[in-house]
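Hi,

Here's the structure I promised to pass on. Have a look at it first, then read my notes below.

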Amino acid sequence: MSEASPARSSPASPWAIARRRFLGHWQAMLGLAVLIVLGLLSLLSPLIAPLDPSVDLANRLQAPSAANWLGTDDAGYDMFRLLLAGSRVSLLIGFLSVGIAITLGTVVGAVAGYAGGRADALLMRIVDLFLSVPRLVLLITAVALLRPSIALIVIVLGLTGWMGVARLVRGQVLAVREREHVLAARALGYRPLRILFRHILPNVLTPVIVAATLGIGNAILAEAALSYLGLGVQPPDTSWGLIIFSGQDRMLDAWWITAFPGILIALTVMAFNLVGDGLRDALDPRHAQ
Amino acid sequence: MSDALLAVTNLRTVFRTDRGVVEAVRGVSFELAAGETLGLVGESGCGKSVTAMSLTRLLREPPATILPGSSVRFRGEELLDASPARLRRIRGAGIGMIFQEPMTSLNPVLRIGDQVAEAIREHAGGDRGAVRARVIELLGRVGLPEPAERYSAYPHQLSGGMRQRVMIAIALAGGPDLLVADEPTTALDVTIQAQILDLLADLQRELGMALLLISHDLAVVSQVADRVAVMYAGRIVEQGRVPGLFRAPGHPYTRGLLRALPRLDTPPGPLPAIPGRVPDPRERLAGCPFAPRCPEVMSRCETDDPPAFPTGTGTARCWLREGEA
Amino acid sequence: MNADVPLVRAVGLVKRYASGRATSRRGHEVVAVDGVDLAVPSGLTTALVGESGSGKSTLGRLLLALEPPTAGRVEYRGVDLADMGAAALRAFRRRAQVVFQDPFGSLNPRMTAGAMLREALTVHGIAAGAGARRRAEGLLERVGLTADAVDRYPHEFSGGQRQRVGIARALSVEPEFIVLDEPVSALDVSVQAQILNLLRELQRESGLTYLFVSHDLGVVRNLADRIVVMHEGRIAEQGPADRVLSAPEADYTRRLLAAVPRIP
């Protein structure tokens, strides 16, 4: 006599359930809304509000007005368009560097956790090595030795951000590796690569996703700090950090030059954090049925 | 019988979840006399643990709610009306509880002696010397070898059986009249289980304590209990004395369970399994909850929920028992 | 059925773990299996009975080459598992399968039942594409579920249903030997009976050999032809089920039987 499967009233895959929980999390939705607006503006800025590269000294250091919503800087650039142009760079650096960090960290962590033994020990010592170097110092050194560029910043941020992910993934892999469904996969004669990709990693990814969203915020802050020190993005490129740098001598009279990028950075990082929190709550296995 | 130690009447506990209201306990009534052992048995989801936790309001409310109309009288006092402070005093001094997993019920970072001492101080008080002496006395009472040395041990240094003994010691610290044991031996090996059950029986006799033993294991309950209540879908479907209930069960569910149980004294071979599955706790049920699976179902069972009728050893909620002596 | 030729044989099997495991008695090492000689006859159910720490689960894994022994050897149809190359080992994996105790760990929470079965079928070249899907549905029906279970995720099933899926997974590669590690211990009484009946039926239909690991003597009594009693890594006693249960020779077996609560 057959047993009927339970009736399905709503999407049932673990991802679909998590997505539904995420969409119901109002703080995460707020953060997501901010990011979507920012992302769209940033992406479309060359079309809707391109920055005129010619200097307009007649118009310099104007306070926010109807003509220039956020004022102008000391070269006469409209702040709104300047910030949009800067957002492209800041967000690009944020996403790319985190992309590198996550990929590298996941690979190292997965190999260390699954292989165990000497490979694990070796890889973890390398992680320790990288962790012992202060990120900002490494960044400053690299920039001092080589020509500063967006690519360099992305690479250095990526190479200094992967270690936490590696440790996280390794711990998760170690735990999931002992689960019976993994043992069953071994008993079915599946090869280690298949087991790692199909049976272990999908069950390990959730904290990595959360770490990624939070990491983007960190990367944006790191880039801003660098550029503020004059060691980051260089003209003619612009970034939020660079804008703050350019306005630091005029913080009292032309306050808009430093205030607005500062607010934007804070807003963006906050938005990423809210989304990260929402993702963590949505993906938390303790909420699972 | 208002002189019963514990009298539960029409207990109804529901949970509000984001997928609807779950009626975990749907009108449970039973009594327990002083010094008596009642076994509460049922399969997973039948509501037995929720019943136990509802007695002293250990559930988080919300999401749990004990519905009005429910009554839990302990030594004549209505617990569901008691203030939080009064309830705290009763927990431990009047009603003690032990649970299934001693590793998580004991604080892993505190010494076991200190944990027992804490319970003693809370309910009986005394100076350090007196408390320590009492701890060692209790640990000895529950059969822990070398209690004075074991005082400073941490939970992870003890075996499962020994940890469960410590849990019992903590539960006894307040000198309760009733011990509620929720699956106390489920996580233990069968030889250790036998020791713990013997211990509980000895302590009961010595202290005149009543025992409410909750378990899914019919055999365990049959060894220890004076009476048994069988739960299904949030209700007690049959209550009766041991061994009578096991020899001549009055409810088809009890009969089905006993037949489906693989036992040492039954020969190998296919077991008559109860068809179907336990109803989802979210379902609203019309009529007898067991009707969809009952081999003796009548048309009346699907529409009318039977009340409790007397049987040879107790009562059973089954229309088949209507009209019997 | 030639019950004299053992399908699986263990000779002098020892498994030691370095410190870090549960309760270590001998300083730094835990000896999980301490010198076991065992023969599993073909076509029958051999029960491996013991309490926690007896080594029964570890022995099950050793017999499936899921862990390497510290000493001794395991032979399958006369061939030492340690001598098998990659190809022979893969062929062995088709012949020897495992069913675990549910509830949560034994199925991949991110794969549907159908996907799990189809993976096994395609990796071993038994079927592919639409044929694999049909076979998956057939397997699920054979273990007592309906065909639409193929699209369900583990969390949508009850404990008993998940166990059926686990059995279907083991059957998918058409094994002749299955190690069942406490397959019904986490199930309710009514479901337990259903699963035991299913296992019995499948054995009768396909001539399967079972190694049934359990601590529950009642369950073992229901299904076993032979019983092997383990205690602290060693075999205390073994023999035909009826004899071991009614006339135990070892002290430990007697203690175990005496401790089992009986219904009046």
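Two residues count as being in contact if their C-beta atoms, placed from the backbone, lie within 7 Å. Keep in mind that this is a predicted model: local features need pLDDT of at least 70, side-chain atom pairs count only at pLDDT 80 or more, and totals for chains, interfaces and linings use all residues. Residues are numbered from 1 along each chain as its sequence is written, while chains are lettered from A and ligands numbered from 1 in the order in which they are written.

Let's start with chain C. Of its contacts with a separation of 6 or more, 66% are between residues 24 or more positions apart. Chain C has nine helices and ten strands (DSSP runs, H or I of at least four residues for helices and E of at least two for strands, numbered from the N terminus). Its C-alpha atoms fill a box of roughly 55 × 50 × 40 Å along the principal axes. Out of the 264 residues in chain C, 50% are buried, meaning 20 or more other C-beta atoms (placed from the backbone) lie within 10 Å of the residue's own.

Next, where chain B meets chain C: 30 residues from chain B and 27 residues from chain C take part in the contact. On the chain B side, α8 (190–207), α9 (218–224), α10 (244–247) and α11 (252–260) each supply at least two residues. The most come from α9(B), with five residues.

Enjoy exploring!

Definitions and conventions: Buried ≥ 20, exposed ≤ 12 C-beta atoms within 10 Å, placed from the backbone.
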